[in-house]
Amino acid sequence: MASFTLQGIPVSRGIAIGRAHLLRPAALDVEHYLVAQEQVEAEVLRLQAAIAQVHKELQSIWADLPQDAPTELGAFIDVHVLILSDPMVSEAPLDIIRSRHYNAEWALVTQVDELSAQFDEIEDEYLRERKADIQQVAERILKVLTGSANSVPRSDGIDERSANMIVVARDISPADMMQFRDVAFAGFVTDEGGQNSHTAIVSRSLGIPAVVGMGNASHLIEQDDWLIIDSDAGVVIVAPTSLVLEQYRERQVLLQKQRKKLGKLKKTPAITQDGVEVTLLANIELPEDAAHALDAGASGVGLFRSEFLFMERSGQEHKLPSEEEQFEAYRAAVQGMKGRPVTIRTLDVGADKPLDTTEHNILNPALGLRAIRYCLTEPQLFLTQLRAILRASAFGPVKILIPMMAHSFEIDQTLNLIAQAKKELQAESKEFDANVPVGAMIEIPAAALALPMFVKKLDFLSIGTNDLIQYTLAIDRADHEVAHLYDDLHPAILQLLHTIVTTAEKAEIPVSICGGMAGDIRLTRLLTGMGFRELSMPAALLPEIKQAILNTHLENVQPYVKKILRSYEPVVIRETLAAMEMLGQTVH
C-alpha cells in the first residue's frame, strides 16, 4: 500500500516503530428495539448482570496490577469503579428500561449520551475529558451485553510483530491498557483525546510515544500495517518506505542513548552553566503521585490539584470528602515528598462543574462561578479544606495556592478565612505550621495587569499558563475549530509573562510557572532567560527539562530573549526561539 501521514496531538516524546494492533470498541451505536411489558424485568436483570460482571473484571484488574505499574492506572481504574457504582450509570438505565421499554443496550447508551452532553458543558479541559471515563465504562458493559471482546497477542512466543506493537484505537481506557501489561507494545494512536486524556497521562508516565486526537486513524490504518510514531511532531507515518524506516530507526537509537544519559541526572541540581539554579517541581493529582515525583528528581510539588479528591466521588451518599479524608490525602502527599515542599491548590470547581446535582444554566461557564469564586460562596466547604491543608503542614513544608483570583476583596476574604481556620485549630490544640505561605494563581489577565495588589498581600505567585492563554486570546483550545489559534508564543502572552516576572522580582516575591509552558522543552531557555526560576510540570518531563537547563548559559540567551520581547511578528519570534534553542546542544 502507498505510504501516507496523519497529524494529531503530541502528548509524549519519542519515536515508536512497529505493527498496528487495532483495538475495536464496543460501538455505542447499538441495536435499538422495544421490549414487551412481560420482558421488562428480564431486560433489567440482563443489564444488572452485565454491570456486576464488569465490576468483577475491574476488581480483578486492580488486584492483578503489577507493583511497578504507574499509579495513574490504579487511580483511573478506581474512577471507573466509582462510575460503575454511580446511580446515574447503574440505576438510571434500569429506570429507562422500565419506563420506556428500551432494550438494555439502548437504555444504557441513552443515559450515557445524556451524561456526555453534561460533560461537554464543562469548561475545565481535564474534567471535560473525563467524559471518556463514562463512555469507556459503558463500552465495557456493552461488551458483556453483546458478547464482543478485544483480542490481545499472547506474550509467549513473541515475534517481531507483537514485540513492536502499536495500539490503534478510537480511545483507550485504563482497564484496556492493562491488557497490554504483558506485551511489549511500543506506542499508542487514538482518534480521540487531548493533552489530558487517559492515553496522554499514562503514556507520559510510562515514557511511551503517543499521538492522540487523530480523528479517523483507526479507520484508515489496517491491522498489521507498519507505523512510525513521531510523537515530538505529532505525526504518524503509515506504511513508511524502507528509506524512511531506516532514518527513523537511526533517530530512535540516538534517542534511546540520550534517555539513558538523562537517567543519570536525577540527583544533579538544575544549575545553568553560569551558576543560576532553577527549581524543578512536579504537578500531581493524587497523593500516590509523590513517589513518581521523587523518582524523577523533583525538588517538590509545585501543584497538587486537590479537586480530584472531590470530583471522583459522584454517586456517593456523602459526596464531599470530610476534613479527615482530605487531611489524610494531603498528609500522605506531604510525607511522600520527604521534606520537600508541597503546594496544594484549593478547590478549582464550581458553576460548570458543580459538586451537587443542581442544574446550572450558564451561557459562558468559563466566566462563571468557579475556583475561588465558588469557594467564597461556600465558606464552610472552603474552611474545611483550609483546616485539612493546615493540619497537613505539621508533617512537612506546605504552601496554599488559591486559583483564579482577580480582585482585592477575594484576597482579603481568603486570608480572613485562613486566619479563622488557624484560630479554630489552635482552640482545638491541633498542630499546624502557623507560617504556611499563601499564594495566588495568576491565570486571569486582570490579575497579571494588577499584580501590585497581589504582591503586597501574598507570599508567592504561580502562573497557570493554560488558562492565562485561553482567557487572554479568548480561545478554547479543546474546540477544534479554533484550536489552531491557541498560541503560547503570542506577543500578548509573552508580554504578560514578562510583566509578571519583572514585577515579582522587584517585589522580591517568588513566582513559578505550573502550566503547560513549564514542561515544553522548546520554551525552557526562553522562560529561564526571562527570569523564571521555578518550573512545575508532569514528573516524566523533568529529566529533559533539567538537561536543557544544564546546557544553558543565560548570558548567551539574553540577546535572543530581548529580541523576542521586542518583536510582535510571529515569524521573527519563532525564528529567534529556534536559534536560541540551538545554543548549548552538547550533552551535559
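**View 1. Overall surface and make-up of the protein chain.** The protein chain exposes about 25500 Å², of which carbon and sulfur atoms supply 52%; accessible areas come from the Shrake-Rupley method with a 1.4 Å probe, and for residues only the protein chains shown count as cover. This is a predicted model, in which local features need pLDDT of at least 70 and side-chain atom pairs count only at pLDDT 80 or more, whereas totals for chains, interfaces and linings use all residues. Residues are numbered from 1 along each chain as its sequence is written, and side-chain values use heavy atoms, with hydrogens and water left out. The protein chain holds 26 helices and 16 strands, where helices (H or I, at least four residues) and strands (E, at least two) are DSSP runs numbered from the N terminus. Of the 588 residues in the protein chain, 54% are buried, a term for under 20% relative accessible area, with exposed meaning over 50% and partly exposed lying in between (1.4 Å probe, protein chains only). Among contacts (heavy atoms within 4.5 Å) between residues at least 6 apart in sequence, 71% join residues at least 24 apart.

View 2. Strand β3 spans residues 15–23, and because 9 of its 9 residues are buried, the strand is largely enclosed by the rest of the structure. Two strands pair if DSSP finds at least two bridges between them. With strand β7 (residues 226–230), β3 runs antiparallel and is joined by 5 bridges; here Ile-15 has Asp-230 of β7 as its bridge partner. With strand β4 (residues 165–169), β3 runs parallel and is likewise joined by 5 bridges, and Leu-22 has Val-168 of β4 as its bridge partner.

View 3. Ala-210 lies in strand β6, which covers residues 210–212, and is buried, with a relative accessible area of 0%. Leaving aside residues up to four places away in sequence, Ala-210 touches Ile-9, Pro-10, Val-11 and Ser-12, together with Phe-188, Ser-203, Ile-229 and Ser-231. Although Ala-210 and Gly-14 are 196 residues apart along the chain, their C-alpha atoms are separated by 8.3 Å.

View 4. When residues up to four places away in sequence are not counted, Ser-90 touches Ile-51, Leu-84 and Ser-85.
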